[in-house]
Amino acid sequence: MAFAGRKSPSQDPAWGSARIKHLLMLQHFVTHTPEPTKTTQSIPVSLFTMPSPNHPLTTLWIWPTGLFPRRLVYYLRAKHITTTHLQQHNIHLVPVSLCNNALVSLEGYEPRPADTSLPVMRTQQLDGTETWIRESSTILEYFEEIFTGDADLDLRGLSMQQRAKTRDVLSLLADAAAWSSVALIHSNPSTTFWSGLRPDQMSPSTASHANKKCEELLSRLERWVEEDVIDGKSKSLSGKGGDVTLADMVVMVQVEYMREMYGMDWVAEHGVLRVWCDRAKEERWVVGREALLEVERTGKWYSVLGA
């Protein structure tokens, strides 16, 4: 199963990531109910090293087991960014969890801002200027600007060719994910509380059509990557270069999330992608659901990122 359609609703190339998060409202269980006011701090002070005065104060709200936020956890692990690195860059992570169908910050942390989906990030300059960044893909690009000098791995790709392949894969995945979401909300009754559909509005024919479009896109992806994955034994779907790219993380998050939340094998009909997934699961940047749930419960980011 899969989702999305760059060749779909509007034929507009910009239809991709910005709209997809809204279509996948699930982000999953996105709710716009503000949290109760409470005494807050961005992260326990005892965990801090002294941040650099050259970096703006950055607060990032993450639901670790969520679909889009998990991309950021995989990114930080793949980039070998520890809690110390984050603190030195004045970046504070706020763990969020699903509680009574609402996404709520862990007690003692700043509440999730009202009318936001996750992840969401705020930067605050010394002059008080605030900037909000609301898309996981944009936050990842922002971090690449910050951390490229701190690590020798550019997760967009290590060559011009690999970076181009990464963008290709990400574009196709956005379409596949959107189609898959349409198929899901028209076939799985458990989605009605976040999809906005009533059971009588769910359409088996719509689900079937959307699933077909998703599978076509995943088959296309297989054709693109087969030589690299099967013949070249590449660790990355983006081919020769770095062993992991943003494209790899987005695919793995999608596969893991759909399995955990809905018991679905997103690449069941795609042998090449299955080979890649089984190989990638052994990489250190992939982290299991139980470890992520522990972060949601305790706020101990060092348990998955290192101190």
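## A walk through the helices and strands

Start by selecting helix 5 (residues 160–185) and helix 8 (residues 246–262): they pack at an angle of about 20°, with their axes 9 Å apart. Angles under 35 degrees count as roughly parallel, so that's what helix 5 is to helix 8. Their crossing is left-handed. Keep in mind that you're looking at a predicted model.

Now show the side chains where these two helices touch. On helix 5, pick out Thr166, Val169, Leu170, Leu173, Ala177, Ser180 and Leu184. Facing them on helix 8 are residues including Leu246, Val250, Gln254, Met258 and Tyr262.

Next stop: strand 1, residues 57–62. Five of its six residues are buried, so the strand is largely enclosed by the rest of the structure. Which strands pair with it? Strand 4 (residues 120–124) pairs with strand 1 in the antiparallel sense, over five bridges; select Trp61 and you'll find its bridge partner, Val120, in strand 4. Strand 2 runs parallel to strand 1, and five bridges join them. Here, click on Leu60, which stands opposite Leu93 of strand 2.

Finish at helix 10, residues 289–298. Colour Leu292, Leu293, Val295 and Glu296, which are buried. Look down the helix axis: the buried residues fall within an arc of 155°, so they line one face of helix 10. What covers them? Among the covering elements are helix 2 (67–78), strand 2 (91–99) and helix 11 (302–305).

How values were computed: Residues numbered from 1 in each chain as written. Predicted model: local features only at pLDDT ≥ 70, side-chain atom pairs only at ≥ 80, totals over all residues. Heavy atoms only, no water. Buried < 20%, exposed > 50% of the residue type's maximum accessible area, 1.4 Å probe, protein only. Helix = DSSP H or I, 4+ residues; strand = E, 2+ residues; numbered from the N terminus. Arc of directions from axis to C-beta. Contact = heavy atoms within 4.5 Å. Pairing = 2+ DSSP bridges. Axes fitted to C-alpha atoms, helices over the stretch in contact; angles between N-to-C directions. Parallel < 35°, antiparallel > 145°, perpendicular 65-115°, else oblique. Left-handed = near helix turned anticlockwise from the far one by under 90°.
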